[in-house]
Amino acid sequence: MKTKLVIAGSVLWASTAFATEVITHPAVPMDQLTVNQLRGIYSMRQQKWPDGTAVRVFVLPAKNQVHQTFAKEKLQMFPYQLDRIWQKITYSGLGSAPVVLSSEQQMREMVASTAGAIGYIENPDELSTLKVIRITQ
Amino acid sequence: MNYPPLKSFVSRSKLCLLLLLGCSLQLQADEVQWHGFISQGLIQAPETNFVNLDDSISAELTDLGVNMSWVLSDNLRLAGQVVYLDGGRRYTKGTRLDYLFLDWTLHSDFNWRLDMFLGRFKNQHWLYSATRDVPFTRNAIVLPQSVYFDSFRDIAVGSDGLAFKVTRNTSLGEIELNWSWGATNLSKEQSQILLSTLAQGDAEQDYVHQASLFWRPDQSAWQVGVSLLDSDFSYDKAELDYYFDGAMTVQRVMFNGRYAAEYWELSSEWVQERLDISDFYAPGFKRDSFSQGWYVQGRYNLLPRTWALLSVDLFDLDKDDRSGRKFSESTGGLVPAYFGYQDELTLGLTYDFKDNLRLTMEHHWVKGTARLAYPVLPDLQYNKSEYWQMWAMQLMYWF
């Protein structure tokens with residue numbers, strides 16, 4: 001029984017530790033997105049927010065744990081599928097891949113300071129400079 | 001349809017691209033993006049004419065490219081790419097303008113998007129057609145020849161013309177519809193890769209018309225698609241020529257599917273191709289045949305940076321003569337039956353040294369020679385064996 005509790009606790013801790021949240025620039029005129037809308041943005045098909053502001057997409061490196069959790073939990077895709085989509089649009093001329101940032105700190109700064117920006121981080125706390133977006137089915 | 005001579009078109013296009021690149025240096029970084037790739041490999045396919053004729057290990061496995069995407073306004077963008085390719089005898093060697101087109105976004109909101117492309121654009125209708133020359137986007141160094149026949153590469157890779165792409169979110173999932181109309185201007189060298197060096201006349205693609213539909217169901221690991229192709233070619237013989245004036249129609253029906261799991265994936269395409277030849281071999285000659293092929297490729301993520309590949313690729317030149325026996329008999333036994341099919345098993349391994357530095361190695365075991373040059377004239381001198389093998393390795397870097 002004690003062992004089960006420890007395992008359950010570890011699983012809970014692990015999922016909490018790696019929970020990611022989608023964040024945007026505070027002026028983005030949306031509070032929630034569906035999974036399909038988020039996929040549209042991260043597949044680089046969705047170019048504008050409803051108010052006409054250009055969508056600026058930021059990501060962390062492919063091997064980053066937060067990126068992997070974001071892809072699987074929020075986009076319900078695997079990181080290699082995202083890489084393939086971005087490579088296809090980049091090298092066949094259909095568009096541009098997202099901007100890759102080196103750290104979560106840089107992600108916070110860039111999303112907070114770039115109009116129309118969207119990104120993701122683990123456990124956001126600076127709510128005054130970032131907006132947390134709820135993802136629905 | 002009249003085109004300027006290809007060399008002049010290509011050189012003018014390259015000049016335009018260089019000028020655009022020069023102008024773009026003055027622009028802000030978010031208006032222009034640059035990317036590229038460099039790769040070099042080794043390949044050997046003894047007892048065939050696939051890469052070379054002397055059976056040696058060849059370094060003719062080079063893919064280089066540089067591209068730019070320039071945002072001109074909210075809904076207008078210019079994109080271009082120049083590549084240098086060397087695949088030995090597989091396709092034309094040299095520098096070429098891969099694409100240069102204007103992308104006009106006619107509508108974009110959260111539910112659907114419509115784009116129009118004008119210029120030279122890539123074939124967006126098959127699983128790997130848009131990036132078949134970009135090595136790190138392929139599962140294998142040599143793509144399954146049933147669908148991605150290298151002798152047809154230069155005419156299948158893209159077109160000069162007009163195309164549309166629509167993506168729409170529906171209650172059934174995401175639907176993507178592509179439509180294109182255009183043609184590829186064939187150089188003498190490209191014609192001879194299709195028709196052999198015996199062809200001295202002018203081959204021309206009159207048009208190619210394609211449409212495709214992809215469906216990605218919600219909360220599903222599947223993606224499925226269907227595509228159609230219709231294309232006409234004409235041949236004007238030279239004064240002294242092995243062939244005669246003639247016409248060809250190529251029509252394709254294709255289905256594709258892909259299943260993605262966390263540590264493995266499957267991709268598959270099925271093709272039926274109609275080839276209708278009038279005259280060409282001799283005045284009054286007529287042949288209408290249907291070839292069929294399909295492949296399935298499975299990839300497994302063995303270790304964090306390592307993927308293994310298993311691929312099976314089957315092709316029959318005539319779906320009503322899968323053994324090639326009737327085909328051989330029609331030539332009085334001169335052409336062996338194994339020119340009527342090509343079945344292939346491939347094992348491969350890919351290792352990522354970094355996120356943008358990859359080494360791929362693969363070995364092919366092949367039975368039959370139906371997908372070796374030339375599509376219209378079996379090469380009996382160099383394709384001597386029913387059973388043959390090929391290996392390749394390629395190091396690739398991209399930015």
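Predicted model: local features only at pLDDT ≥ 70, side-chain atom pairs only at ≥ 80, totals over all residues.
**Chain A, overall**

I started with the element list. Chain A has five helices and six strands, and along the sequence they come as α-β-β-α-β-α-α-β-α-β-β. I then looked up burial: 34% of the 137 residues in chain A count as buried. I also checked how far apart in sequence the contacting residues are. Taking the chain A contacts with a separation of 6 or more, 66% are between residues 24 or more positions apart.

**The sheet of chain A**

What is the strand order in the open sheet of six strands? I read it as E2-E6-E1-E5-E3-E4 in chain A, and the pairing is mixed. The edges are E2 (32–34) and E4 (99–100) of chain A; each has a single partner strand, so one side of each has no neighbour in the sheet.

Next I went to the pair E1(A) and E6(A). E6(A) covers residues 131–136, runs antiparallel to E1(A) and is joined to that strand by three bridges.

H2(A) lies across E1, E2, E3 (56–59), E5 and E6 of chain A, at about 85 degrees to E2(A). H3(A) lies across E1, E3, E5 and E6 of chain A, and its angle to E1(A) is about 90 degrees.

**Helix H3 of chain A**

A reminder to myself: an α-helix has 3.6 residues a turn, so residues three or four places apart point the same way.

**Nonpolar cores**

The largest nonpolar core has 51 residues, and the ones touching the most other members are Ala45(B), Phe101(B), Ala203(B) and Ala392(B). Elements of chain B that each supply at least two residues to this core include E3 (76–86), E4 (94–108), H3 (188–195) and E16 (387–398). E3(B) gives the largest share, five residues.

I followed up on Ala203(B). Beyond its neighbours within four places in sequence, Ala203(B) is in contact with Leu186(B), Ser191(B), Leu194(B), Leu195(B), Phe233(B) and Tyr235(B). There is also a second, separate core of 28 residues, and among its members are Val22(A), Trp86(A), Val111(A) and Ile133(A).

**Where A meets B**

I counted the two sides: 22 residues of chain A are in contact with 25 residues of chain B. On the chain A side, H2 and H4 are the elements that give two or more residues, with H4(A) providing the largest share, six. How does the chain A side split by class? I get four nonpolar, 13 polar and five charged residues.

E14(B), residues 341–354, and E15(B), residues 357–368, pair antiparallel over twelve bridges. The hairpin joining E14(B) to E15(B) goes through two residues. In this pair I noted Asp352(B) opposite Arg358(B) in E15(B). E15(B) also pairs antiparallel with E16(B), over eleven bridges, and there Thr360(B) stands opposite Gln394(B) in E16(B).

Most residues other than glycine have a negative phi, and most peptide bonds are trans. I listed some exceptions.

- The peptide bond from Ala373(B) to Tyr374(B) is cis, with omega near 10 degrees; Tyr374(B) is in the loop between E15 and E16 of chain B.
- Ser196(B), not a glycine, has a positive phi of about 80 degrees and lies in the loop between H3 and E8 (202–217) of chain B.
- Gln219(B) also has a positive phi, near 50 degrees, and is found in the loop between E8 and E9 of chain B.

Gln219(B) is exposed, with 8 other C-beta atoms within 10 Å.

Notes. Residues numbered from 1 in each chain as written. Chains lettered and ligands numbered in written order. Core = buried A, V, L, I, M, F, W, Y, C linked by C-beta atoms within 7 Å. Buried ≥ 20, exposed ≤ 12 C-beta atoms within 10 Å, placed from the backbone. Helix = DSSP H or I, 4+ residues; strand = E, 2+ residues; numbered from the N terminus. Contact = placed C-beta atoms within 7 Å. Nonpolar A, V, L, I, M, F, W, Y, C, P; charged D, E, K, R; others polar. Pairing = 2+ DSSP bridges. Axes fitted to C-alpha atoms, helices over the stretch in contact; angles between N-to-C directions.
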